[in-house]
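This report describes the fold, packing and chain contact of the structure shown below. Confidence in the coordinates is treated at the end.

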Amino acid sequence: MSMLSNMITIIEDNWLLLLIGQYPNGPLGGIASTLILSVLGIVLAFPLSVLIALARLSQWKVLNWPATALVYIVRGVPLLMLILWVYFLVPLLIGDSVPGFVTMLCTLVIYEGAFLSEIVRGGIIALPSGQMDAARALGHSHVGAMRYVILPQALYNMMPSILSQFVSTIKETTLGYVINVPELTFAASQLNNRLLTKPFEIFAILAIVYFIVCWSLSEVANQLEQRIQKQRLGDDPSDAGALQPDAPKMQGAT
Amino acid sequence: MKGFDLLAVLTHPQFSQMLLSGMKMTLIIALGSWMLAMSLGFILLVIRMLPFKPADQAVAGYVSYHRNVPTLVQLMLWYFGIANILPAGLQIWLGDHNGEAIFAIVGLGLCQAAYFSEDLRSGFRSIQPGQDEAARALGHSYLGAMAYVLLPQAFRHALPALINHTVSLFKNSSLAMAIGVAELTHAVKEVENLSFRVFEAYLIATVVYLACSLLLMAVGAWLSRDPASAEAS
C-alpha cells in the first residue's frame, strides 16, 4: 500500500515535469512532446508512404527497386540503429547541429514511412481489380484513377491500421531517450536521477501512463475496424471494396 | 573525419574483438528471449483455452500490458525498478552474474510471449472446428488433442506472423543497450568512441543486423511456401 501512496505523492509533486518537461525554462518535454513527436511523425510519414507504396506497385524498375530496397532495409535494421545513423548523418548533410527532437522526427518519418507503405500497398492490392479497370474505362489516366478512385477507397479501409501504426509510433518515441530527446521516458529518467530512491514507483507510473494512452487509442482502432468491417459486409459482396462515403468523390472526378 | 577505411576497424585486434563479443551477446539475448517467449506463448495460449473465465481475463490483461507499454519502458521497469525491490541476496547474485543481460532476456521474452501467444491464438481460430471434436472422439485427452492435433496446425497457420515477430524480437535485442548490456549496438557505440570511425562502425552493425533479419524473413517465406505447411488445414 505504501508503494501506491508513494506513487501518488510522486505524481502530485512532479506532474508538470511528466506533462510538459522543463518548459518554459527548457525545451518542451514530457507527454506533450511525446504526442507532438508521434503526430508529426505519422503525418509527415504518410505522404512518403503513399509514394513508396505507389513506387513498389509500379511496373518501372527504376521506381520499384529502390523503393523495395528501402522498405527491406528499414524493416531489417533496428530502429535504434536508424536513430544513430540519422544522429550522425543529418548534421553532416546540413552542416549544423540539430536538436534531438528533429533527429528523432526525421528517423520516425523514414521508419514509419516504410512500415506505413506496406499498409498502403496492402490496402491497394486488397481492392477488387475491377475498380481500376472501371476507372480506366471511364477515361481516367492511371494516375487519375489512383488519385480519385483507388486511393480514397484504400485509405478509408486502412484507417484502423494507420491508427494502430500511430500507437506503434508513440511507443517508438521512447527510443529518443537514448539520444536525450526531451519526451516522457526522458522526463521519468530525469526524475529518477533526482529522487534516486523510488525507481520502481517512477517506472511503474511511466508504464501506466503509456498503457492508458496506447490502450485507449488501440480500442478506438478496434471499434473503427469493426464499423468498417460491418459496412463492407453490408455492401454487395461482389463489390466489397466500394464504400458509400467515397461515392461523391468518384462522381466529382468523372 | 578520417577517410573511409573499413579494414581499420575490422582488422584492429581490440575493435574486432569488441564487435565479435557484441554479436555474441546479441545472439544470446535474441535466442534466450525467443525460447522464453515461445514456451511462455504456448503456455499462455493453453491457459486461455481453458474453460475458466478469470484465467482468460488474466492472460488478456497480460497481453494488453505487454502490447500497450513500450518495450524500452518494460525493460527499464525490470532493470531499474523491479531489480530494486528484489531481496538483497538475489540483487547481489544478479550483480555478479551479468544481471543486465538476464533482465534483458526476461523483459524481452515476457514481452514477446504476449505477441507469440496472440499469433498462435489467431492460428487456432483458423483451424476447422471439426478437428477438436475428431481428436477428442479418437480418445485424445484435452492436453493430448492440444499437443498432437491442434497446436501443430495452429503453429503452421501462425507461421508468417510468428516469423514477423521473431524479426522484431531480434531487432528489439538492440534495446538492451539502454540498460547497459554489451550487445552489438553497445559495442558499436564503444568502437565509435575509441576509433572515431563512426561510419565504418555503424556500417558493420547495420550489415550484420540486416543480414540476420533478411535471413529470418527468407526462412519464413520459404517455410510458408512449403506445400507441407500449406496443406495443414
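How many helices and how many strands does chain B have? In this predicted model, chain B holds 11 helices and zero strands. Read from the N terminus, the elements of chain B therefore follow the order α-α-α-α-α-α-α-α-α-α-α.

**Overall features of chain B**

| Feature of chain B | Value |
|---|---|
| Box filled by the C-alpha atoms, along the principal axes | roughly 70 × 50 × 25 Å |
| Residues counted as buried, of 233 residues | 40% |
| Contacts joining residues at least 24 apart, among those between residues at least 6 apart in sequence | 79% |

**The nonpolar core**

The largest nonpolar core comprises 116 residues, and A:Leu206 and B:Ala104 are the members that touch the most others. Helix α6 of chain B, residues 99-125, gives the most to this core, contributing 12 residues. When neighbours within four places in sequence are set aside, the contacts of B:Ala104 are B:Ile29, B:Leu75, B:Ala176, B:Ile179 and B:Val181.

**The contact between the chains**

Chain A provides 28 residues to the contact and chain B provides 29 residues. On the side of chain B that touches chain A, at least two residues come from each of α3 (53-68), α4 (71-85) and α10 (198-225). Of the elements of chain B, α4(B) gives the most to this side, with 10 residues. Sorted by class, the side of chain B that touches chain A consists of 19 nonpolar, nine polar and one charged residues.

**A helix pair in chain A**

Two packed helices are described by the angle between their axes and the distance between the axes. In chain A, the axes of helix α2 (residues 30-57) and helix α7 (residues 142-172) come within 11 Å and cross at roughly 145 degrees. The crossing of α2(A) past α7(A) is right-handed. From α2(A), the contact involves A:Thr34, A:Ser38, A:Gly41, A:Ile42 and A:Leu54, while α7(A) supplies A:Met146, A:Gln165, A:Phe166, A:Thr169 and A:Ile170. By class, the residues of this contact are five nonpolar, five polar and no charged.

**Confidence in chain A**

Chain A has a mean pLDDT of 90, with 92% of its residues reaching 70 or more. Over residues 238-254 of chain A, however, pLDDT stays under 50. The model has 23 contacts beyond four places in sequence for residues 238-254 of chain A. Where pLDDT is low, the predicted coordinates should not be read in detail.

Notes. Residues are numbered from 1 along each chain as its sequence is written. Chains are lettered from A and ligands numbered from 1 in the order in which they are written. This is a predicted model: local features need pLDDT of at least 70, side-chain atom pairs count only at pLDDT 80 or more; totals for chains, interfaces and linings use all residues. Axes are lines fitted to C-alpha atoms, for helices over the stretch in contact, and angles run from 0 to 180 degrees between N-to-C directions. Helices (H or I, at least four residues) and strands (E, at least two) are DSSP runs, numbered from the N terminus. A crossing is left-handed if the near helix is turned anticlockwise from the far one by less than a right angle, and right-handed if clockwise. Two residues are in contact if their C-beta atoms, placed from the backbone, lie within 7 Å. Ala, Val, Leu, Ile, Met, Phe, Trp, Tyr, Cys and Pro count as nonpolar, Asp, Glu, Lys and Arg as charged, and the others, Gly among them, as polar. A nonpolar core is a set of buried Ala, Val, Leu, Ile, Met, Phe, Trp, Tyr and Cys residues joined through C-beta atoms within 7 Å. A residue is buried if 20 or more other C-beta atoms lie within 10 Å of its own, exposed if 12 or fewer, and partly exposed in between; C-beta atoms are placed from the backbone. pLDDT is the predictor's confidence in each residue, from 0 to 100.
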